[in-house]
Amino acid sequence: MIHYQIIPLDPKAHLFAVTMTLRQPKSVQVFSLPAWLPGSYMVRDFAKNIIELKAQDKQGQPLKLTQLDKQTWSVDNSSLEITLTYQVYAWDLSVRTAHLDMTHGFFNGSSVFLAAHGVEDSPHTVTILPPTESSLSDWRLATSMTRLNGDDFAFGQFSAESYDELIDHPVEMGLFSLASFDACGVQHDIVLNGRHRACMPRLCQDLKAICEYQINLFGTPAPFKRYLFMTTVLDNGFGGLEHRASTALMCSRKDLPLTLDAPINNDYRTYLSLCSHEYFHSWNVKRIKPECFLPYKLDAETYTPQLWAYEGITSYYDDFLTYRAGRVSQQDYLDMLSETFTRVYRSQGRFKQTIKDASFNAWTKFYKQDENAQNAIISYYTKGALFALYLDLILRSETQGKSSLDDVMRILWQEYALQNKGTTDQCHQAIVERLLNRDCHAIFAYLDNTDDIPLAPLLAEFGVDFTLRASQGSQDVGGTQHKGYKIAFGAKTQTAPMGLKIISVTQGSPAHFAGLSAGDNLIAADNLQVNAQFEAQLQHYSLGEAINLHWFRRDELMTGELVITAAPKDTVALLVRDDSKIAAWLGR
């Protein structure tokens with residue numbers, strides 16, 4: 001039996017205190033903390049936050065503790081019981097690690113619970129204690145872990161069947177808002193931490209529709225007995241991480257609905273899509289998963305070219321299912337899909353990295369992006385979503401609507417997840433070939449090459465016009481028709497005290513040929529100080545003109561020449577052309 005006790009020891013110093021007790025240990029017992037956590041494919045070295053790790057026997061006598069590597073320790077033991085004590089520094093405000101202050105506490109088990117080697121498949125229990133500070137006596141606790149005692153949302157004791165399950169139930173504690181709804185007979189709880197004015201009944205209404213649609217898509221019963229949405233609300237934030245019966249999310253206050261009947265705006269639909277994305281992962285990656293994740297090996301990177309199928313397909317369905325669940329209009333959905341197209345078409349990296357390579361190299365190139373990312377890589381989320389759309393439309397077209405990507409997902413659920421089998425690199429192609437009764441190497445070749453996926457003809461077949469236009473500036477993310485700028489600059493910027501700071505530069509753009517680089521501070525153009533209206537002001541020049549630029553790189557003044565060049569058509573808009581045809585794809 002492995003038991004843990006964790007307490008928010010000092011919220012002002014951001015410290016959790018953990019006690020771990022292992023009965024019947026080995027004579028040389030090894031312990032370790034994961035290097036990464038499922039769903040976030042980057043080595044994060046959680047063990048760097050462990051402080052004052054000590055070991056003792058059942059009589060309280062110290063035991064020899066030897067560190068073997070950055071995240072692994074061994075204990076020389078002759079006792080029937082080992083107790084480890086340590087503190088965890090928790091000051092990462094994200095969905096991935098742990099955070100603790102006087103406003104709330106949050107942790108993923110992979111950040112705080114050491115694993116005892118050799119008994120990972122044994123039952124684990126954990127007692128979560130409330131903070132001792134009297135001013136925090138009204139804190140509550142939310143987790144999807146199985147409760148052994150105490151009322152709902154109270155501190156208490158919890159259990160997990162294995163270490164893998166233990167670290168797959170994040171914990172939120174504090175003064176959170178709470179609401180609940182039923183979806184297909186399953187209780188779903190919504191927890192919001194942080195200052196907000198969200199209309200909780202509206203969240204319940206919209207999430208209920210999305211959750212019920214997804215459960216029915218795969219078939220009842222749902223793969224969990226209860227589900228928890230937990231969101232940290234900030235002035236500016238966005239992110240999510242899936243778990244087997246919950247999701248940890250971050251959003252901005254503007255992303256949440258304020259009334260029961262207000263129209264869904266762009267910010268709120270983004271939040272709903274985020275919830276839809278993480279909820280879909282309950283099937284697609286938490287249970288349907290690559291065979292190399294059975295089981296997860298959390299001590300080092302686990303490479304797979306299949307992440308396109310788990311993040312790309314999920315990214316296609318997240319927006320799609322907000323539409324199919326009746327939360328957004330048809331044109332709103334096409335605008336959301338247009339934004340996905342636009343993110344892909346504005347990336348020069350799509351000509352240099354394949355979707356499979358993007359999946360395989362997620363650990364470094366995607367999760368450790370730098371200022372050159374848009375020129376070097378493609379996202380397996382966004383281009384993977386376009387490939388999922390491609391599969392869906394081909395299946396619908398060639399079978400006259402008898403099959404779709406839904407059928408692929410249901411087959412994966414029935415033949416892989418429910419049989420506890422992991423997917424191979426060829427599984428998705430084999431299932432599509434079965435449904436189409438033909439060879440599909442030409443279709444799946446788009447995973448191995450850098451060609452643009454030929455979606456415009458397929459969309460036209462379903463009554464949708466695909467158009468490319470110039471961008472109208474940094475706020476133009478694609479979608480509904482804009483006139484667009486006629487002049488290109490080719491750099492992302494942000495306002496700085498003396499002008500504009502260059503964030504990134506697109507290869508082959510006027511900014512690139514002028515000599516600008518990320519980190520430069522552009523101060524003047526055509527002998528006038530630049531400001532946030534710089535791109536708009538460029539539109540008054542004529543093609544072929546050249547203007548002088550002045551900028552600082554570090555403390556050195558530099559000059560260059562910007563040639564006025566036509567803006568590329570890299571922004572996508574999708575518009576309905578034939579309502580009768582689109583019903584075969586977007587008919588509810």
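**Cysteines first**

Guide: Cys251 has 1% relative accessibility, so Cys251 counts as buried. Bear in mind that this is a predicted model.

Visitor: How far is the sulfur of Cys251 from the closest cysteine sulfur?

Guide: The gap is 8.0 Å, to the sulfur of Cys275. That is too far for a bond.

Visitor: How many disulfides turn up in the whole structure?

Guide: The search finds 0. Cys184 is in no disulfide either, and its nearest cysteine sulfur, in Cys211, sits 8.9 Å away.

Visitor: And what does Cys184 count as, by accessibility?

Guide: Partly exposed, because its relative accessibility is 29%.

Visitor: Switching to helix 5. Which residues does it cover, and how many of them are buried?

Guide: Helix 5 covers residues 307-324. Of its 18 residues, 18 are buried, so the rest of the structure largely encloses helix 5.

Visitor: Where does helix 5 bend?

Guide: At Asp318, by about 25 degrees.

Visitor: What follows helix 5?

Guide: Gly326 does, with a positive phi near 80 degrees.

Visitor: How many residues does the hairpin between them go through?

Guide: The hairpin goes through 2 residues.

Visitor: Which residue in strand 24 is the bridge partner of Thr495?

Guide: Leu500.

Definitions and conventions
Residues numbered from 1 in each chain as written. Predicted model: local features only at pLDDT ≥ 70, side-chain atom pairs only at ≥ 80, totals over all residues. Heavy atoms only, no water. Pairing = 2+ DSSP bridges. Helix = DSSP H or I, 4+ residues; strand = E, 2+ residues; numbered from the N terminus. Expected span 1.5 Å × (residues − 1). Bend = angle between axes of the 7 residues up to and from the residue. Buried < 20%, exposed > 50% of the residue type's maximum accessible area, 1.4 Å probe, protein only. Disulfide = S-S within 2.5 Å.
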